[in-house]
Amino acid sequence: QVQLVESGGGLVQAGGSLRLSCAASGRTFNHYIMGWFRQAPGKEREFVAALSWSGGSTYYADSVKGRFTISRDNAKNTVYLQMNTLKPGDTAVYYCAGTQGGSYYRSYEYNYWGQGTQVTVSS
């Protein structure tokens with residue numbers, strides 16, 4: 001059983017930064033793809049970023065490329081999402097997710113989800 005817990009959300013002004021953390025426990029993540037998704041009120045959940053735990057490959061949505069960075073700390077079983085130059089459009093609940101395989105940008109491919117952390121960017 002895998003558990004994911006997000007933290008680090010909050011309220012920031014446009015142009016500011018936040019770093020989200022996703023602490024994973026329960027099983028090894030050697031063969032997992034870890035992803036970040038977000039969902040704003042009235043909108044569908046959308047892909048933000050993902051990485052291959054063992055391979056180190058990273059992937060980003062066009063909307064965040066160049067501003068967000070996904071990374072991991074193997075010793076801590078933690079995935080991070082560094083968010084810079086935040087915009088009001090980034091306001092959403094951010095979710096950490098994990099899967100053993102599949103298309104990294106498709107939410108339904110992920111088997112494990114955290115509870116979400118709110119990110120609010122004011123103008």
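T78 touches S21, C22, A23, W53, S71, R72 and D73, leaving out residues up to four places away in sequence. Contact here means heavy atoms within 4.5 Å. This is a predicted model, where local features need pLDDT of at least 70 and side-chain atom pairs count only at pLDDT 80 or more, while totals for chains, interfaces and linings use all residues. Residues are numbered from 1 along each chain as its sequence is written, and side-chain values use heavy atoms, with hydrogens and water left out.

T78 sits in strand β8 (residues 78-83). Strands are DSSP runs of E with at least two residues, numbered from the N terminus. T78 counts as buried because its relative accessibility is 8%. Buried means under 20% relative accessible area, exposed means over 50%, and partly exposed lies in between, using a 1.4 Å probe and protein chains only. The side chain of T78 also has a polar atom 3.0 Å from the backbone oxygen of K76.

**Salt bridges**

How many salt bridges are there by this rule? The count comes to 4. A salt bridge is a side-chain nitrogen of Lys or Arg within 4 Å of a carboxyl oxygen of Asp or Glu. The table lists some of them.

| Pair | Closest N and O atoms |
|---|---|
| R38 and E46 | 2.7 Å |
| R38 and D90 | 2.9 Å |
| D62 and K65 | 3.5 Å |

Take R38 and D90, which form a salt bridge. This pair links distant parts of the chain, 52 residues apart: R38 is in strand β4 (residues 33-39), and D90 is in the loop between β8 and β9. R38 is buried, and so is D90. Salt bridges that share partners join R38, E46, R67 and D90 into one network.

R38 counts as buried because its relative accessibility is 6%. E46 is at 35%, so E46 counts as partly exposed. D62 and K65 are both exposed.

**S107**

Where is S107 found? S107 is in the loop between β9 (92-99) and β10 (112-113). Is S107 buried, exposed or partly exposed, and why? S107 has a relative accessible area of 29%, so S107 is partly exposed. S107 is in contact with F37 and W113, leaving aside neighbours within four places in sequence. S107 and E46 are 61 residues apart in sequence, and their C-alpha atoms are 7.6 Å apart in space.

Note on methods: Helices (H or I, at least four residues) and strands (E, at least two) are DSSP runs, numbered from the N terminus. A polar contact is a pair of N or O atoms within 3.5 Å; within protein, one must be able to donate a hydrogen and the other to accept it, and residues adjacent in sequence count only if both atoms are side-chain atoms.
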